[in-house]
Amino acid sequence: MKVIVLGAGIVGVTSAYQLAKAGHEVTVVDRQKGPALETSFANAGEVSFGYCSPWAAPGIPAKAMKWLFMKHAPLILRPKLDLAMLSWMARMLSNCTSERYAINKSRMLRLADYSRIALAELRAETGIAYDERMQGTLQLFRTQQQLEASAKDVKALAADGIPYEVLDRDGCIRFEPALKHVRDKIVGGLLTPKDETGDCFKFTNALAAKAEARGVRFAYDTTIKALDVEAGRVRGVITERERMSADAVVVALGSYSPLLLKPFGIKLSVYPVKGYSLTIPITDASRAPESTVMDETFKIAITRLGDRIRVGGMAEISGYTNDLGFARRSTLEHSVTDLFPGGDVSKASFWSGLRPMTPDGTPVIGPTKISGLFLNTGHGTLGWTMSTGSARLISDLVGGRTPEIDARDLAINRYG
């Protein structure tokens, strides 16, 4: 079939590669001048197959109220008269129950573990390099209360057969030796050893080149105006330059997906939640992390990417704004220098991106009520983690094949 993929971020490019591998004629359309120049550009670098949880969790409403008044807050809310924002927030709050958390986390772990297998096979198949490491994620607890609260995550990991290890202070230092300099600031951690790290921008660009070698056409610097729909079936895409015909269209536009779909009566509950990152050159490797350390207090990931450290996190709900605030940089700097003192944050580059979040934390993957129109979006903070598995799913669904894992509860109709 002729398939158009909308979006050249990590999700769009992996989708295009898999579709081309399945024998389809694929075109990718993106408004940027190349791949991975928006949300995929400078994310936290985590590939979190085990450290994979919905933001909507029991106790989050109470924590959120406290976070809003912290100097270095994980959550920043800039309320506005925006029905999409209010609806999304209400749905997220409705998912903050023990029952919903267990269901949503199980979905996420299923897709993440499938992606772990898919990424390993893709890496072996293509030989691409992206500052990758396979050394796990350490969720670091500064308080005993945080350590005890991790029991719900341990239970979910055990139920889904995901390897994990609960560590005391000395165990954390064995895993991340540089933490010996701040041993009195930590009480323990939760290690998910199958997690990986890597530069998402490097990976996406390398895979885009492999996709082009398979015949994928990339239409960069091209603004998408609308979907071309006739008699309940997608016929293609209308851009600023031309009408492009297709047998199927895959929407992988992240936070912008709902805006394209709204005129056709498709209500996609995806909303932009801004995250920030610093990229810091390593000046002393003995004081740098070996893999990813997730600072549970500030919800900030500190990740080793070759000769750099990527520090990413925070959740700012402020609509489609992408400005850089000094206060957010201060929070990132505080977390990394508090746990890994000695680095030179003055040399860091500062970035922000809009994560496409669903209220339940699970991406939306599958067909829509319009024949031939498919979605692969809403991955939130886990687009890099879930991209390769999501690409396999969407390729199977577009091609009419039964996916290797159950994808029915990832479809848009789960919202009713």
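**Figure 1. Strands β14 and β18 pair in antiparallel fashion.** Strand β14 (residues 271–281) is joined to β18 by nine bridges, and the two run antiparallel. Strands are DSSP runs of E with at least two residues, helices are runs of H or I with at least four residues, and both are numbered from the N terminus. Two strands count as paired if DSSP finds at least two bridges between them. Within this pair, Lys 274 lies opposite Leu 354 of β18. Strand β18 (residues 349–357) is mostly covered, with eight of its nine residues buried. Buried stands for under 20% relative accessible area, exposed for over 50%, and partly exposed for values in between (1.4 Å probe, protein chains only). The model is a predicted one, in which local features need pLDDT of at least 70 and side-chain atom pairs count only at pLDDT 80 or more, while totals for chains, interfaces and linings use all residues. Residues are numbered from 1 along each chain as its sequence is written, and side-chain values use heavy atoms, with hydrogens and water left out.

**Figure 2. An open sheet of three strands, β10-β11-β12.** The pairing in this sheet is antiparallel. The edges are formed by β10 (224–230) and β12 (243–245); each has a single partner strand, so one side of each is left without a neighbour in the sheet. From one strand to the next the twist averages 30°; axes are lines fitted to C-alpha atoms (for helices over the stretch in contact), with angles from 0 to 180 degrees between N-to-C directions. Six bridges link β10 with β11, and Ala 226 stands opposite Ile 238 in β11. Strand β11 (residues 233–239) is in turn joined to β12 by three bridges, with Gly 236 placed opposite Ser 245 of β12.

Figure 3. Two residues separate β10 and β11 in the hairpin. Ala 231, located in the loop between these strands, has a phi near 55°, a positive value in a residue other than glycine. Ala 231 counts as exposed, at 78% relative accessibility. Asp 221 has a positive phi of about 55° although it is not a glycine. Asp 221 belongs to the loop between β9 and β10 and is partly exposed, with a relative accessible area of 34%.

**Figure 4. An open sheet of six strands with mixed pairing.** The strand order is β9-β2-β1-β13-β20-β19. At the edges stand β9 (217–219) and β19 (364–367), each with a single partner strand, so one side of each has no neighbour in the sheet. Direction ignored, neighbouring strands of this sheet are turned by 20° against each other on average. Four bridges connect β19 to strand β20 (residues 373–377), and these two run antiparallel. Ile 365 stands opposite Asn 376 in β20.

Figure 5. Cys 52 counts as buried at 0% relative accessibility. Cys 200 is also in no disulfide, and this residue is buried with a relative accessible area of 1%.

**Figure 6. Arg 169 and its contacts.** Arg 169 is located in helix α7 (residues 169–175). Leaving out residues up to four places away in sequence, Arg 169 touches Arg 183, Ile 186, Val 187 and Gly 188; contact means heavy atoms within 4.5 Å. Arg 169 is partly exposed, with a relative accessible area of 29%. Its C-alpha atom is separated by 43 Å from that of Leu 268, a residue 99 positions away along the chain.

Methods: Disulfide = S-S within 2.5 Å.
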